[in-house]
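Welcome, and please open your viewer. We will walk through this structure one selection at a time.

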Amino acid sequence: MCPPPEVSPGEYSAEERSLLLKLAHDAIASALVKSEISLESPTPHLAEARGTFATLYHRGNLRGCVGHVFAASSLYRAVAETAQAAAFQDPRFDPVTANELPGLEVSLSILSPLRPILAEEVEIGKHGLLISMAGRRGLLLPQVPVEHGWNRIQFLEQTCRKAGLPSNAWQEAKLEAFTAEVFRD
C-alpha cells in the first residue's frame, strides 16, 4: 500500500531530489517511446545501493506503486527501474499512457537499511515495517499508519495481514524496521 506521503527532510539535497524526480519521469517517458536513457549515476552519493519505492499519481489519484526494500543496485538505477515498474507493471492498474504523462506526479521513498526491532520500539510515522514468518513477508511504508490513523498495534497487525499471516503473528514473527526519506513533485 503506497499512500500519499509527506515530504520528509533527510540526506538528499534539493538538487539530488530534483535530479531523481526528473529521472523517474524520463524513465517512464523513454519506456513509452522505447528509447533508452543513461542509468550511469552522476554522483557517488546517488551510486550508493538503496531500497526505493516509486509511487505515481495522476490528477491526485494513485496510479501505481512499486519498490524494492532490499538494495540491489544504485539508487539512481533503482529510481528509474521502480518508476517504470510503477507505470507499467503494477497489476492493480492499466499501464500509463502517453496522454497521462503531463499530469503524472512522482513520489519517491528512499529507504534506510533494515534493522531488527522489537514491537514496543516501533514508532508511528518514523518506522516502516517488514514482518517475516513461515516463508511469508509483508511490508508497509512509514507513512501508511499515519494516513490511516493506526496505533502501533494496528500497524503491526496490518503488516501481518499484508504478509498473509494472522493479525497477531507479530508477537512471534521476525520484525525489521526502516526509515524512508520521502519527496515528490
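Start by selecting R184 and Y57: R184 lies over the face of Y57, 4.6 Å from the ring centre. Such a charge counts as over a ring if NZ of Lys or CZ of Arg is within 6 Å of the ring centre and within 35 degrees of the ring normal.

A word on what you are viewing: this is a predicted model, where local features need pLDDT of at least 70 and side-chain atom pairs count only at pLDDT 80 or more, while totals for chains, interfaces and linings use all residues. Residues are numbered from 1 along each chain as its sequence is written, and side-chain values use heavy atoms, with hydrogens and water left out.

Next, colour the strands (DSSP runs of E, at least two residues; helices are runs of H or I, at least four; both numbered from the N terminus). Strands pair if DSSP finds at least two bridges between them. One open, antiparallel sheet has four strands in the order β2-β1-β3-β8. Its edges are β2 (61-68) and β8 (180-184), each pairing on one side only.

Now select β1 (residues 52-58) and β3 (residues 104-111), antiparallel strands joined by seven bridges. Here T52 stands opposite I110 in β3.

Move on to the open sheet β4-β7-β5-β6, again four strands with antiparallel pairing. β4 (115-116) and β6 (136-140) each have a single partner strand, so one side of each is left without a neighbour in the sheet. Five bridges pair β5 (residues 128-133) with β6 in the antiparallel sense. Finish at L129, which stands opposite L140 in β6.
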